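Dear colleague,

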Amino acid sequence: MTVSVVLATYNGEKFLREQFDSLFGQTLMPDEIIVADDRSTDATWDIIMEYKTRFPNLFVVYQNEKRLGPHANFKNAFKYAKCDLIAPCDQDDIWFPEKLERSVKAIDDGYEFALCQEVIQYELSGRKEIWHSMPALKYCIFGCPVAGHLIVFKRELLDVFDIAPEITFDWGLLLMAASRNSGVAIDYVGCIWRRHKSAVTSEYSDYGGKKLEHRGKWYKFFKTIKMLSRGEKSKVIAKRMKSNAAIIGVCQGKDKEVRLAYKVASLMSNQTVFSLVKASFDYMFLNRIHEDYRQLSLKAKIGNSLYAFCYPAVWWYDYHNHDAL
C-alpha cells in the first residue's frame with residue numbers, strides 16, 4: 001500500500017526541521033509528504049521550501065489563502081493525498097523509525113485504522129510514556145482519547161467528513177473506526193509528542209485530564225438537571241452530538257453496542273431533562289456490554305454503573321460553555 005504523510009504547519013520553525021528529519025529516518029518511507037501551511041508568520045514557509053527544493057518529487061506543499069486553524073487545515077490537506085493510506089503528522093513531534101512500517105503492517109492484517117503508542121514530552125515536567133488500546137465506542141462518544149498524530153488510516157475513512165463536516169479530524173476518524181470495529185492499537189512507541197505553550201493542535205497543559213470524582217458526580221448530575229429544566233442549552237453540544245450521531249448512524253446494523261451509542265448521542269443533542277436521563281440509562285447499559293465490566297466484582301459493578309449513569313450529565317456540565325467544535 002502507498003502512504004501519504006500529511007503535515008499541517010503554523011509557526012513551527014522551532015521544531016519543524018527535527019520532525020522532517022525523523023520522517024526521513026523511517027524504515028518505510030512515505031510515497032509523498034503533503035505540507036499545508038496555515039499562513040505562518042515566522043520562518044516555517046522558508047523551511048518548507050528548503051526541503052521542497054531538496055526533495056522535489058517527495059514534497060507537495062500548499063499555503064492557505066487565509067488561516068483555517070489546525071483541524072480545518074488538516075481536513076483541507078487530506079484532499080490532496082493520493083495514496084491508499086494517510087498518516088497525519090504534527091509539526092512539532094518526532095517520529096521513531098518504525099512508526100509507518102508497523103502501522104502499515106497492522107492495516108495489511110485487515111484493519112482500516114491503526115494507532116501507535118507515544119512518549120509525551122512536557123515542557124515543564126519531562127517525559128511520560130503513554131500506552132493506548134483501541135478505544136471502545138463508549139469512550140469515543142464524549143471525547144477523543146487518541147490524538148491524530150498517532151494514527152494511520154485508509155483514505156476511505158475520509159468519508160466521515162462528508163457525513164459530519166464540522167467534527168474535529170481526529171475525533172471523526174476515531175469515531176468512524178470505533179463504530180465499524182475496524183481499528184487496532186500496535187505495540188510500538190511511535191513518536192514523541194511535545195506539549196508546550198505554542199502548540200496549536202490542542203490546549204496546552206502540563207497535567208493529565210480531569211477525573212470524574214465520586215463526590216462531585218452527583219452534584220453535577222443534579223445541577224445539570226436543574227439547568228436543563230430551566231431551558232438552558234448549548235449550540236456547541238448540539239452540533240457535536242448531532243455530528244457523532246450522524247457518524248455512528250451510518251454504521252448501524254444488528255450490533256447492540258452501535259445502536260446504543262447512536263441513541264446516546266442522539267438523545268444528548270436534544271438537551272432536555274428527559275433526553276438526558278434516558279441517555280444516562282442507555283450509557284449505563286452500553287457500559288455493561290464490555291468484557292471488562294463482566295469481570296468486576298458485584299460491588300465494583302454497582303460503582304461502575306453509577307459512574308456511567310452520571311457521566312453524560314457530568315460531561316454536559318463540564319463542557320456546555322466550551323467551544324467543542
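A charge is taken to sit over a ring if NZ of Lys or CZ of Arg is within 6 Å of the ring centre and within 35 degrees of the ring normal. In this predicted model, R67 lies over the face of Y10, at 3.8 Å from the ring centre. Likewise, K99 is placed over the face of W95, at 3.9 Å from the ring centre.

I turn now to the contacts between rings. A search of the whole structure gives 26 aromatic pairs. One of them joins F142 and Y283 in an edge-to-face arrangement, with 5.2 Å centre to centre and 80° between the planes. F142 belongs to the loop between α5 (137-140) and β8 (151-154), whereas Y283 is part of helix α11 (residues 273-288), so this pair ties together parts that are 141 residues apart in sequence. F142 is buried, its relative accessible area being 6%. Y283 is buried as well, with a relative accessible area of 6%.

Y219 and Y317 also form an edge-to-face pair, at 6.3 Å centre to centre and with 75° between the planes. Because Y219 lies in helix α8 (residues 214-229) and Y317 in helix α13 (residues 298-319), the pair connects parts that are 98 residues apart in sequence. Y317 is partly exposed, with a relative accessible area of 22%; the limit for a buried residue is under 20%.

Finally, ring pairs link F142 and Y283 with Y307, Y311, W315 and Y319 into a cluster.

With kind regards

Note on methods: Residues numbered from 1 in each chain as written. Predicted model: local features only at pLDDT ≥ 70, side-chain atom pairs only at ≥ 80, totals over all residues. Heavy atoms only, no water. Phe/Tyr/Trp six-rings, centres within 6.5 Å; stacked < 30°, edge-to-face > 60°. Helix = DSSP H or I, 4+ residues; strand = E, 2+ residues; numbered from the N terminus. Buried < 20%, exposed > 50% of the residue type's maximum accessible area, 1.4 Å probe, protein only.
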